[in-house]
Amino acid sequence: SQSTAATISIQQLQSIYYALQSGDAKAAVSSLNSSTAKILLTNDQFSAKHAHRILRYVLTSLKLENACLADIPIPAFRSDDLQSLFEQEFPDCFYLIAAQLKQQHMKQTEQLEQNILSFIQDNLANTQLSGSMVAEHFHISAPTLQKRINAVSGKTFSAYVESVRMQRAQQLLRETSDTVLEIAEAI
């Protein structure tokens with residue numbers, strides 16, 4: 001009966017969604033397993049169909065939000081093998097989604113880091129160059145900026161800017177006939 005049907009709770013769905021969004025397939029599969037265990041134990045067809053519909057909605061939402069997931073198929077409902085559906089097909093789908101989203105996130109992070117470094121290079125002569133200026137330009141928090149700079153350089157923002165300015169000054173001293181004052185103003 002519907003009143004005793006095993007269902008997936010909103011919290012479990014949120015847990016699956018956020019785990020997948022963050023690239024954590026293991027956590028998503030764990031939530032799936034705990035939410036479908038009773039369905040599989042009782043072979044409850046009504047609850048299985050309902051759970052499938054809800055999971056399909058969650059995965060479709062993720063696919064609409066993330067174009068990189070467009071080619072990942074969502075498992076079709078098959079009442080003849082619920083165990084395979086919930087213990088193999090959905091977990092396989094979750095792992096594919098998590099891997100794609102991790103890869104997309106890494107690409108976006110690398111691109112952000114390169115954009116930050118280029119922005120710093122382009123603004124070396126700006127006396128207003130600061131961590132807050134760069135963070136504001138990229139619409140990120142100051143701690144996120146520090147984390148990204150540290151990831152690519154092993155230095156704090158200030159130490160990185162100082163080292164880039166020194167390298168640029170050395171290059172200009174070697175390659176130009178500019179005075180030290182002119183080079184100082186240029187960087």
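Which residues of the largest nonpolar core touch the most other members? Among its 28 residues, they are Leu20, Leu55, Leu59, Phe86, Phe90, Phe94 and Ile97. The model is predicted, so local features need pLDDT of at least 70 and side-chain atom pairs pLDDT 80 or more, while totals for chains, interfaces and linings use all residues. Residues are numbered from 1 along each chain as its sequence is written, and side-chain values use heavy atoms, without hydrogens and water.

**Nonpolar cores**
- A nonpolar core is a set of buried Ala, Val, Leu, Ile, Met, Phe, Trp, Tyr and Cys residues joined through side-chain atoms within 4.5 Å; buried means under 20% relative accessible area, with a 1.4 Å probe and protein chains only.
- Another core, of 16 residues, lies apart from it and includes Leu117, Leu124, Val134 and Phe138.

**Helix α3**
- The buried residues of α3 include His52, Leu55 and Leu59, and their cover includes α1, α2 and α4.
- At the start of α3, a side-chain oxygen of Asp44 comes to within 3.2 Å of the backbone nitrogen of Phe46.

**Glu113**
- Glu113 lies in helix α4 and counts as buried because its relative accessibility is 10%.
- Beyond its neighbours within four places in sequence, Glu113 is in contact (heavy atoms within 4.5 Å) with Arg148, Ala151 and Val152.

Technical notes:
Buried means under 20% relative accessible area, exposed over 50%, partly exposed in between (1.4 Å probe, protein chains only). Helices (H or I, at least four residues) and strands (E, at least two) are DSSP runs, numbered from the N terminus. A polar contact is a pair of N or O atoms within 3.5 Å; within protein, one must be able to donate a hydrogen and the other to accept it, and residues adjacent in sequence count only if both atoms are side-chain atoms.
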